[in-house]
Amino acid sequence: MPAEYTYRVSAWWTSGRTGLAKCESSPNTIHFSDAAELGGLQGRWTPEQLLLCALAGCFTTTFNDLAHAAKFEYVDLEVEIEGSVHRTRAAGCNFTEILIRPRLTVPSDGLRETGLSLLRRTKSVCMISRAITVPQTLEAAVETVRVPVEGWANDDAVVKLGV
């Protein structure tokens, strides 16, 4: 297995405030636009959203790799990323903060602490997280799914535990 990898993405403007992006590994192109707040079109990915998507995707795959290596079983992981952008005349638009909100679902209460520990570790080793210099805050939550005993109705099937 090589120790170094190279990734390429191409993007170009198609017309007005829109463009296309593609990469070698996917047959699909992504239609993007300036953010609507900056005069772009609604309904298209923006460069800001694509950056946050890269972070969410990397966080998710990194967690899965760490969990697999630790033989940690989980039910689900959803990662929401929120980026705050500030616009000034002098500097233009800049991200000022990124919130990483993973919501991990585990099969039992006994896995909660291990799950939180893996989420924290994921933030520290995620390649995209390490590449971004904007301050990032981890707001992790772990939910425990309780599987009802067969034949018993259980309205409280999910117990939410936050950090």
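**Elements and core**

Analyst: Happy to! The protein chain has three helices and eight strands, where helices (H or I, at least four residues) and strands (E, at least two) are DSSP runs numbered from the N terminus. This is a predicted model, in which local features need pLDDT of at least 70, side-chain atom pairs count only at pLDDT 80 or more, and totals for chains, interfaces and linings use all residues. Residues are numbered from 1 along each chain as its sequence is written, and side-chain values use heavy atoms, leaving out hydrogens and water.

User: How do you know that the span of α1 is close to the expected one?

Analyst: The expected span is 1.5 Å times one less than the number of residues. Helix α1 (residues 47-69) has 23 residues, for which 33 Å is expected, and its first and last C-alpha lie 33 Å apart.

User: Why is a set of residues called a nonpolar core?

Analyst: It is called that because its members are buried Ala, Val, Leu, Ile, Met, Phe, Trp, Tyr and Cys residues joined through side-chain atoms within 4.5 Å. The largest such core has 24 residues, and F63, I81, I98, L104 and L119 touch the most other members. α1 gives the most to this core, with eight residues.

User: Which residues does F63 touch?

Analyst: With contact meaning heavy atoms within 4.5 Å, F63 touches residues including F72, Y74, L104 and L119, not counting residues up to four places away in sequence.

Definitions and conventions. Buried means under 20% relative accessible area, exposed over 50%, partly exposed in between (1.4 Å probe, protein chains only).
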